[in-house]
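Morning, everyone. One structure today, and I'll keep it short. Please have a look at it first.

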Amino acid sequence: MGDRANVVVVRENGAHELYRTGWAVGIDLDLLEGPTPVLAMLPELRQDGWWLDDTMAQGGILLDLRRKVLLFFAWEGPSTELRHRAAMFGLIRAAWPDWEVHWLYDGPAELRTYVGLDPEYVRCRDSALSLAPFLAPDDEDLAGPDPGGVVITVGTDRCHVASDAFDHPVHEGAALLDRLADAPGHGTCHLHVNAGIHLDPEHRRLGWWSLYSSPQAYQVPESWPGWTVEFWQDDWERHVRASERFSPSAFDARQEATAAVLAEAVKRLASRARHRALFTPSPDGEVLRRNSRSQGLPPGRD
């Protein structure tokens, strides 16, 4: 099945085309090649009119050829990593000169809104929230230089970390405060997380941010009646300024980060090339599939 993403192309006449790919994880890396190679990928993608919803869309790209606008989002990839996001955006903008480049915090709903379609079509409002478990400081999920996670600071003296593999905890509303009562403490968080919340219960204020898309991101205030809610988008440094309990360890956001992103891009290109080698057209037009194990790839990419 693969990791799904929609690719939308708005042609010069204003008409849009909808494609689907099974290569959502790392889809931001594909953008480093610029518009021409990305457009050249379209024939290998599915064009079936299927708009992925909030729960199924793990990434998305929109290219407006008339206005030169590039929109994208992802759940995973260098653009969602604190150490690499700035370098990633710098490389993308360099590869797309004269284009406007924007991140979509509300995922597929914003793709549909841009082309004049109803965003409610991709909403999953009836689905229950997937509550993120809280992680102890020694949890194996927090190992490594880019563990992800959601840092949650409360007032001036509390810090917790939740998993980022579930709904962003900010969507829980004030019920989150009750869950935090028994959450493991972290003292001060030095991790390179990719989302966060700062709560000030005394003044009923909160600020939150995310490096990955979060469905209904702009409707969060509705979950916190009586609170002042600020969406900091990807500005994690505002969280650092708001709380001494969040202080990511120092990192090189330029040379080292750029080199790391480019190395991932090379791996991505090689992986896609191996995937293409699995399929060859036969004389009668059918597609013959080679042994995926010999290529080191998972089966079933769509």
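Let's start with a pair: are Phe72 and Trp103 buried or exposed? Both Phe72 and Trp103 are buried. Buried here is under 20% relative accessible area, exposed is over 50%, and partly exposed lies in between, with a 1.4 Å probe and protein chains only.

Some ground rules. This is a predicted model: local features need pLDDT of at least 70, side-chain atom pairs count only at pLDDT 80 or more, and totals for chains, interfaces and linings use all residues. Residues are numbered from 1 along each chain as its sequence is written, and side-chain values use heavy atoms, with hydrogens and water left out.

Now the whole chain. The protein chain has eight helices and 12 strands. These are DSSP runs numbered from the N terminus: helices are H or I with at least four residues, strands are E with at least two. The radius of gyration is 20 Å, close to the 19 Å from the globule rule for 302 residues, so the chain is as compact as a globular protein of that length. That radius is taken over C-alpha atoms, and the rule is 2.2 Å times the number of residues to the power 0.38. Buried residues are 46% of the 302.

Next, the sheet. Five strands form an open sheet, ordered E2-E1-E3-E4-E5, with mixed pairing. Two strands pair if DSSP finds at least two bridges between them. E2 (16–21) and E5 (100–103) stand at the edges with a single partner strand each, so one side of each has no neighbour in the sheet. From one strand to the next, the twist averages 15 degrees. Angles run from 0 to 180 degrees between N-to-C directions, and axes are lines fitted to C-alpha atoms, for helices over the stretch in contact.

E1, residues 5–10, pairs with E2 in the antiparallel sense over six bridges. Ala5 stands opposite Thr21 in E2. At E4 (69–74) and E5, helix H3 (85–95) lies across the strands, at about 150 degrees to E5. Contact means heavy atoms within 4.5 Å.

Back to the rings. The whole structure holds 10 aromatic pairs. Rings of Phe, Tyr and Trp (its six-membered ring) pair with centres within 6.5 Å; planes under 30 degrees apart are stacked, over 60 edge-to-face, the rest tilted. Phe72 and Trp103 have ring centres 5.2 Å apart and planes at 85 degrees, so they are edge-to-face. Phe72 sits in E4 and Trp103 in E5, 31 residues apart. Elsewhere, ring pairs link Tyr105, Trp208, Tyr218 and Phe231 into a cluster.
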